[in-house]
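Dear colleague,

Please find below the structure that I am handing over to you.

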Amino acid sequence: MSDPGQAGNGQPVMPDASEASEFDALLDAAVDAVVVIDDEGRILRFNRAAETMFGYAVAEILGQPLAMLMINEDARGHRRQVERYKQTGRGHIVGKAREVIARRRDNSTFPAGISVGEAQSAHGRRFVGLIRDLTAQKEAEEEALRHRDQMLHASRLTTMGEMAAAIAHEINQPLSAIATYTAACQRLLDRGAEARDDIVAALHEIGGQAHRAGQIIQRMRNFTRSRESMRRLLSVEEMIEEILPLAELDARANRVDLRVVIAPSLPPVNVDGVQIQQVVLNLLRNGVDAMVDTPEEQRLLSLQVALTDDSQVQVEISDRGTGVGKPARDGLFTPFFTTKATGMGMGLAISRSIITAHGGKLDYINNTAGGATFYFTLPAALEA
Ligand SMILES: Nc1ncnc2c1ncn2[C@@H]1O[C@H](COP(=O)(O)OP(=O)(O)OP(=O)(O)O)[C@@H](O)[C@H]1O
Ligand SMILES: [Mg+2]
């Protein structure tokens, strides 16, 4: 059986001269850039969309190496791939779409998706490349990431806002201590040389208290500053210890007993530390909120970190609040779902999206103490 469009080996056949002008017209009508190259990577055809995309006229580009259309690094990679494919018939060059940095005639560059097919002509093997300008797609992706970072930032500010009363109270303490010691120093100065040691001690106290207030503010700033997402190998224990002072303030201000148990020798995780801290604070805040009607002596919030059987680091936060009630059950991870008068309903939606993006899971169960246990996992990082 012979199919006029197929060579004996099943590959498409290039058109002969009589069909060439129709073929050119079709190529020029294509929306994507189409470039045909030979075995050596020399350009044989260059359609109109390619002319527009790269700024070369077809006459000046014919016979030139395809590598001219890419930055050097990608061109080298491309040549290697073509060589490998020619020798072995295998490789990534044909069939799969790849991303390269393409170069225009004026040396400006743009991200491009390139997919290559192979055809057999009377003159030898031909490759046909479809090239797509990915600038708009990349910009949209970056814009989406920026939006996400902005949303995460806004949510951290909200969390801090909710904790503001407790934090203000906490900073007020060292400040009033400083005022008291300062007044004492002024009185001691009247007593002359004999009061020197007391004055030194009071100044030491003032320094310590100022340091304490500064640390609280520093932690808040680290947590709330606007930043781009960034992953590193981190210890869950250290991440939690960093935010613990803030969480404790919030707990204490709401008469909640916060207990933390972290298993020893946990493996590190590859995460954006501030985002994970944000999840932990969101869950702790929800736990505190859930216990407003719990008798004070029963307000226990417990945070546990352990390794699961399948090597995931699991963080669990249990409260003795109301538990997740029927009305909340279906909606609590949906953005803007809230049962609180002043809630925004973003805490859990954001937390779940952060954990999912890190390859983990976030969920909850109502616990036997009548409250809720929210837990999330993070895959342990394989240490290099
Ligand atoms: N520990 C919990 N116990 C009981 N219900 C909870 C608990 N955590 C969350 N919920 C329910 O899930 C809803 C959504 O929680 P989420 O954290 O997303 O928003 P929120 O706390 O209402 O507002 P915010 O955006 O300020 O966090 C809550 O309004 C509440 O009804
Ligand atoms: Mg919340």
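**Findings**

S265 is exposed, because its relative accessible area is 75%. This serine is found in the loop between β7 (257–262) and β8 (269–271). The phi of S265 is near 50°, a positive value in a residue other than glycine. As background, most residues other than glycine have a negative phi.

Please note that the model is predicted.

A second residue with a positive phi is F336, at about 70°, although F336 is not a glycine. Where does F336 lie? F336 lies in the loop between α9 (326–329) and α10 (347–357). Is F336 buried or exposed? With a relative accessibility of 59%, F336 counts as exposed, because the threshold for that class is over 50%.

Turning to the chain as a whole, ten helices and twelve strands are present. The radius of gyration of the chain is 32 Å, whereas a compact globule of 384 residues would have one near 21 Å. Along its principal axes, the C-alpha trace spans about 110 × 60 × 40 Å. Of the 384 residues in the chain, 40% are buried. Among the contacts with a separation of 6 or more, 59% are made by residues 24 or more positions apart.

As regards the surface, the chain exposes about 21600 Å², and carbon and sulfur atoms supply 52% of this area.

D74 is buried yet has no salt bridge. Which side chain of opposite charge is nearest to D74? That side chain is R98, 5.8 Å away; a salt bridge would require a side-chain nitrogen of Lys or Arg within 4 Å of a carboxyl oxygen. Leaving aside residues up to four places away in sequence, D74 touches V100 and I101.

The other topic is A119, which is found in strand β4 (residues 109–121). A119 counts as buried because its relative accessibility is 8%, and the limit for buried residues is under 20%. The C-alpha atoms of A119 and R352 are separated by 48 Å, and these two residues are 233 positions apart along the chain.

With kind regards

Conventions:
Residues are numbered from 1 along each chain as its sequence is written. Chains are lettered from A and ligands numbered from 1 in the order in which they are written. This is a predicted model: local features need pLDDT of at least 70, side-chain atom pairs count only at pLDDT 80 or more; totals for chains, interfaces and linings use all residues. Side-chain values use heavy atoms; hydrogens and water are left out. Helices (H or I, at least four residues) and strands (E, at least two) are DSSP runs, numbered from the N terminus. The radius of gyration is taken over C-alpha atoms; the globule rule is 2.2 Å times the number of residues to the power 0.38. Buried means under 20% relative accessible area, exposed over 50%, partly exposed in between (1.4 Å probe, protein chains only). Contact means heavy atoms within 4.5 Å. Accessible areas come from the Shrake-Rupley method with a 1.4 Å probe; for residues, only the protein chains shown count as cover. Lys and Arg count as positive and Asp and Glu as negative; His and the chain ends are not counted.
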